[in-house]
Amino acid sequence: MSPQPQSAVGAPLSRVDGRLKVTGKALYAAEHDIDGAVHAVIVDASIGRGRVASIDTRDADKHPGVLRVISHRNAPKLPYRDNAGSNNPPGRRVRVFQDDRVLFHGQPVAVVVATTLEAAQHGASLVRVEYDVEQSSTDLDEAAPGEPTDYARGDADAGLRGAAERLDVTYQLARNHHNPMEPHATIARWDGGKVTVWDKTQWVMGTRDEIAAVFGLSADAVRVVSPFVGGGFGSGLRCWPHTIVAALAARETGRPVKLVLSRRQMYFGTGFRPSYEYRLRLGSDRRGRLTAAIHDIDAETSSYETFTEAVMGAGQMLYSTPNVRQAYRQVPLDVNTPIWMRGPGFASASFVIESAMDELAHRLGIDPIELRRRNEPSKDESRNLPFSTRRLRECYTVGAREFGWDRRNPRPRATRDGNWLVGLGMAAGVYDPGRFPAQARARLDADGTAVVEAATSDMGPGTYTSQTQVAADALGLTMRTVTFRLGDSLYPPTGPHGGSATMASVGSAVVDACDQVRQQAIELAVEDERSPLYGVPAGEVVVRNGRLHARDTPARGETYRSLLARHHRSHLEADGNYTGPPTPERESYHAYNATFAEVAVDATLGLVRVRRMLGVYDAGRIISPKLAESQAFGGIVGGIGTALLEHTVTDHRDGRIVNANLADYLVPVNADVPEVRAIYLDGEDNAGNALGVKGLGEVVQVGVAAAIGNAVFNATGRRVRQLPITTEALL
């Protein structure tokens, strides 16, 4: 088969849905106009642990407009059937309104349904709840960890004892919340025994399966619709209690119900990046070659679920280390369950590992990039597999050249700009991109236009645009003649929209579906005596701008429209499939980066200002340069937040989050990000996907906080082992 011309993939195209978004016509979860919809407001628990002793709803029931107040006293018992397809662990969910237990501050204990939002809000304020309070545990430092997940190779203790240089450091990483622009929201409507849910979700199929499991329904009795997601960063990767509350309230009232979490409720109604205490012991010889690494990792989880993320991965394979031991312990606390947040696991581990590597380089008097080069592995030592591609050395070289690393003075506090101490830092990053089974459907219509569908999501990276680019090239059509549809559980199933998996997974299914449709058309043409392409070998036919032609004689051909009209075909259609990575995997498949930062620190006040940042990425084939740049900038901005600003503050007396708002929980703004640049290495990685991509959305945040922290050390001589880096830590 001749390769298809590639005119859309790789082009810096604007978003196909951009006009809808800037004109306000893109409909987000709470904006769907559903006839007869009423409003629901959740009443949150005001204690960290205990039981509901009593609920007085009399004033709320009498308030004008209130239709129903639902709590565990009057809610029906739900099946909460275990479901292997659900995106919640079997049997361990928060069972809303099923008993009087309170497991964390903010847990839903009641919901008020009313004809207007104002009536529902006031009605919720009138509900009086009394509790039998139990002692809650919300402090990672004071709770007992569970049994560890272990990893080991070699003899780490012996390797550490024999090391010429040893480092023993402990880091504290604050909890981070996602804070997407769009709050989480759900509209639910029942039609007999079937329910339709308009939801903010990054996984319509997972939400569908969870609702089916909770209400004891078959999967085809649930439809989940989510055409636009206003930012997620991982917060929409599971079905949260408010979605179940909305569906329950709709069934109990017989009316469509809209439920929108407030910004405050987002801090306990959905998940978060967990806080960590991470001790790392490193040993090396005098030339900086690592001999041993011991990782002791404690992370918060909820008391009713065990949340894990890939925090061990980087420590196992980023650097060549013969002796490694890891212990990853979840610490059960009376909090809601954490969830994956951009660069999950790897972003947290990278701050620790890359800060420690920088500290080791300083002790040994070795340039930080040179130290990393000396410890570059030739294979993935954790699985004894070759790398599919690994171009970290090139990332270092390009980044150092473009950032002006040779101008860095290795002596801390040596560079000043007036009263500002100036420092440069860098860090390596790695991420293990997801690849999930996915399906897609492509239909070529008689008018020469095409529709492609898949039940994936678009929370901002540009799925509509990138998948349209892939489909257009595979079909040989222009962008304007292809429509990509997503965000509906009626479309072919896909995995979660996260983990840098969408392009490799959904994109491969889209290519497969579109290739099949194109081949159907080619076979029609070459077997048709009336076609100019009759008798041409099918493998010698390509399609460009909707016209099929012989590769070597472009004048010999015809359009899709003429072909389908002559055959009286209304359309051609095919279902595409991607089965996921090969089993067992034959290569280690990762995305990489080198991130560089320049900071200035006020010598008197300790204020840190990021001056410029650069990311260099080994992320395989770049489908859309404009979207890629947006991804990189967003990840770097998120990393700046983690490094310098974001920090959830909990009152350990009752588990209340003190700064549950955007006035007190600080995120970066434009003034915090003066100059950002991204560079992508040319190349493809064909390990397990048809497009040669690795995924970009997660790796762009990995290493950012460490690069900033290392720059702060270069500027001040102060090594900060706690995130965020605060003024107090530098005074």
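**View 1. An open sheet of four strands.** Here four strands line up in the order β20-β19-β18-β24, making an open sheet with mixed pairing. At the edges sit β20 (482-485) and β24 (571-578), each pairing on one side only. Ignoring direction, neighbouring strands of this sheet are turned by 15 degrees against each other on average. A few words on terms: strands (E, at least two residues) and helices (H or I, at least four) are DSSP runs, numbered from the N terminus, and two strands pair if DSSP finds at least two bridges between them. This is a predicted model, where local features need pLDDT of at least 70 and side-chain atom pairs count only at pLDDT 80 or more, while totals for chains, interfaces and linings use all residues. Residues are numbered from 1 along each chain as its sequence is written, and side-chain values use heavy atoms, leaving out hydrogens and water.

**View 2. Strand β18 beside β24.** Eight bridges join β18 (residues 438-445) to β24, and the pairing is antiparallel. For one of the partners, look at A442, which is bridged to A574 in β24.

**View 3. Two helices on the sheet.** Helix α12 (residues 463-475) packs on the sheet and touches β19 (450-453) and β20; contact here means heavy atoms within 4.5 Å. The direction of α12 makes about 135 degrees with that of β20. Angles run from 0 to 180 degrees between N-to-C directions, with axes fitted to C-alpha atoms, for helices over the stretch in contact. Helix α13 (residues 502-526) packs on the sheet too, touching β18, β19, β20 and β24, and its direction makes about 145 degrees with that of β24.

**View 4. Inside the largest nonpolar core.** Among the 92 residues of this core, V599, Y617 and I708 touch the most other members. A nonpolar core is a set of buried Ala, Val, Leu, Ile, Met, Phe, Trp, Tyr and Cys residues joined through side-chain atoms within 4.5 Å; buried means under 20% relative accessible area, exposed over 50%, and partly exposed in between (1.4 Å probe, protein chains only). Helix α9 (residues 346-364) gives the most to the core, with 10 residues.

**View 5. Helix α5 under cover.** Just after α5, G216 takes a positive phi of about 70 degrees.
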